[in-house]
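Okay, everyone, thanks for coming. Let me put the structure up, and then I'll talk you through a few parts of it.

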Amino acid sequence: MLALFDLDGTLADRHAGQLAWAVEFAADHGLDPAEADWLMAADGNGMVPKEEYFGLVRERYGLAASYDELWVQYRDRQPTLVPAYDGVLDGLKQLRAAGWRIGVVTNGYEDVQTLTLTSSGIAEHVDGWAISAAENIRKPDVGLFEIAAARAGSALGDGWMVGDSEADIVGGRAAGLRTAWVRHGREWPAGGHGPDHVVAAAADAVRLILR
């Protein structure tokens, strides 16, 4: 029995971690605390390329630090501030106790995602993970799901994929897995096959899997 999960926005609350980083960054640079709101908006929920993002940050605040310096500081600090969502760690414990193998399949930088996994405590409760930058393959490509499954000590087949993006659901379906989409208040985009289940949070998906 295999349960695969996405990381950011599913198991780990990237928004909370990013906000903590933005507040800290504003304080460290003597900025108005309200600038944390601008730092959050400019980040585009992680979708804005970091070179572009820190270019905007440098320009707005007249920083002498280079992009490389800001990027290194960010990737060393921000992932350590990202917590697991409420109920996630207990849910993963319950799945393991019930005999499920658990894997994480995530797009992102290897060092950033690994630090997020370890700092949040999630790494202690899963059997393996696959990170796109480390494997040079991205969701929804089934190959990344295969790697995550193998690292978790299982094979694709009768199992689940839980995530908050279309790539999670499209890839999970292509991998032959049942799918649960964490909606975060959104509606599934029109067109194409939707998820098998829609949940409010990963902890709800765990309860669904255990049923």
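So, Ala180: its bridge partner in S6 is His197. That belongs to the pairing of strand S5, residues 178-182, with S6, which is parallel and runs over three bridges. Keep in mind this is a predicted model.

Now zoom out to the whole sheet. What order do the strands come in? It's S3-S2-S1-S4-S5-S6, six strands in an open sheet with parallel pairing. At the edges you've got S3, 128-131, and S6, 197-199, each pairing on one side only. From one strand to the next, the twist averages 20°.

Lying across S1, S2, S3 and S4 is helix H8, residues 142-151. Against S3, H8 runs at about 155°.

Okay, packing. The largest nonpolar core has 27 residues, and Phe5, Leu11, Leu92, Leu95, Ile122 and Ile209 have the most contacts inside it. Which element gives the most to this core? That's H10, with five residues. Take Leu95: beyond its neighbours within four places in sequence, it's in contact with residues including Phe5, Trp100, Val206 and Ile209. Apart from that core there's another one, of 18 residues, with Phe25, Ala42, Val57 and Tyr74 among them.

Last stop, Gly108, which sits in the loop between S2 and helix H6. Setting aside neighbours within four places in sequence, Gly108 is in contact with Gln113, Ile131, Ser132, Ala133 and Arg138. And Gly44? C-alpha to C-alpha, Gly108 and Gly44 are 15 Å apart in space, and 64 residues apart in sequence.

Technical notes: Residues are numbered from 1 along each chain as its sequence is written. This is a predicted model: local features need pLDDT of at least 70, side-chain atom pairs count only at pLDDT 80 or more; totals for chains, interfaces and linings use all residues. Side-chain values use heavy atoms; hydrogens and water are left out. Two strands pair if DSSP finds at least two bridges between them. Helices (H or I, at least four residues) and strands (E, at least two) are DSSP runs, numbered from the N terminus. Axes are lines fitted to C-alpha atoms, for helices over the stretch in contact, and angles run from 0 to 180 degrees between N-to-C directions. Contact means heavy atoms within 4.5 Å. A nonpolar core is a set of buried Ala, Val, Leu, Ile, Met, Phe, Trp, Tyr and Cys residues joined through side-chain atoms within 4.5 Å. Buried means under 20% relative accessible area, exposed over 50%, partly exposed in between (1.4 Å probe, protein chains only).
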